[in-house]
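Hi everyone, thanks for coming.

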Amino acid sequence: MSNKAFNRIHLIVLDSVGIGEAPDAAAFGDTGADTIGHIAEAVGGLDMPNMERLGLANIVPVKGLTPAAQPAAYYGKLQEASVGKDTMTGHWEIMGLNIDTPFKVYPEGFPQELIQQLEERTGRKVIGNKPASGTEILDELGKEHMETGAIIVYTSADPVLQIAAHEEIVPLEELYKICEIARELTLSPEFLVGRVIARPFLGEEGAFKRTSNRHDYALKPFDRTVMNELKDIQKDVIAIGKINDIYNGEGVTKALRTKDNMDGMDKLVQVAGEDFNGLSFLNLVDFDALYGHRRDPKGYAEALEAFDRRLPEVLERMTEDDLLIITADHGNDPTFPGTDHTREYVPLLAFSPRFNGGQELALGKTFADIGATIADNFSAPMPKFGNSILTKLN
């Protein structure tokens, strides 16, 4: 292989697919966490031949997978340097930031002062105000919401404030305005949350279903990311799935919304077949939202295997001028108690058709190594954190 730069880099974040407890897991209450390992054990082994060929089982043992004798990708793992274990912290670190002040979480619900301000500003009462599963709280409070018009406010183990409303009771435009007000209220250090999320739903009691009209209101990253630097040098930055929301549009040149993991893969396959120069950046959220938080190892395993079956469609559209990076943003071990994320290492797989096989990479001490590698490849200004591994990929 020559050392010439790649024209296109495809970055896939398998949301919450951790690969074993981080050295500081105990400080987060996550001793023994191992998202992919425990999933594989729970279902009697995973069937992921394409990830196996790339070298996933060369990073860590995974029941059902065999380490590749000649892995097709460079493989390793990354350790999170920032102080959180949420989606925004993980993603912002991937793009070169180091978060040393954690976002706030609300395991007992939000302060009454905040709820009162939200009610006064929106003219609607609040019900809920507690940690909850997004589907269970609809079963619990959906009927009351439809009868009273009160909005359902809830949170999770993430630093998020979620607002659910039936689209026929609270029109989407109004729900989005309510969320904008909540975003404004939670910008203060007193209440600081990472995201406010609109959670519209439809249906009747006993059959409520969230719609695809979700909208995230995120904080703007506190500093420039690698995405900003790429955009400034006229490179494409194509955000697929919730990437645009996570970075609040910063550094994005094109945003594609997705409905689920398979739609995300559809969009990536589409983008991989297009002519662009820069970064495509996909988050596959179902692993986390549908299976990790809901503690469903069987569903999680099926989703991992479904992703694996789609992977060849991406690989087939890659040329020697393309690089594919697969990683994660935190763990969410579905065999653990509670519904929280878990502090874990994340996988790092780097593949290009130009590679003549891969080999093990040294442990990365920050997710920002990915952003540094991308910046290095496109000769963009380097982030303050992270070390490029570009020269290792040869």
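Let's start with Lys77: its charged end sits over the ring of Tyr345, 4.2 Å from the ring centre. "Over a ring" here asks that NZ of Lys or CZ of Arg be within 6 Å of the ring centre and within 35 degrees of the ring normal. Arg354 likewise lies over the face of Phe6, at 4.0 Å from the centre of that ring.

A word on the model: it is predicted, so local features need pLDDT of at least 70 and side-chain atom pairs count only at pLDDT 80 or more, while totals for chains, interfaces and linings use all residues. Residues are numbered from 1 along each chain as its sequence is written, and side-chain values use heavy atoms, leaving out hydrogens and water.

Now, how many aromatic pairs does a search of the whole structure find? There are 8. Rings of Phe, Tyr and Trp (its six-membered ring) pair if their centres lie within 6.5 Å; planes under 30 degrees apart are stacked, over 60 edge-to-face, and the rest tilted.

Phe6 and Phe355 are an edge-to-face pair, because their centres are 6.3 Å apart and their planes at 85°. This pair links distant parts of the chain, 349 residues apart. Phe6 is buried at 3% relative accessible area, and Phe355 is buried at 8%; buried means under 20%, exposed over 50%, and partly exposed in between, using a 1.4 Å probe and protein chains only. Together with Tyr74, Phe6 and Phe355 form one aromatic cluster.

Conventions:
Helices (H or I, at least four residues) and strands (E, at least two) are DSSP runs, numbered from the N terminus.
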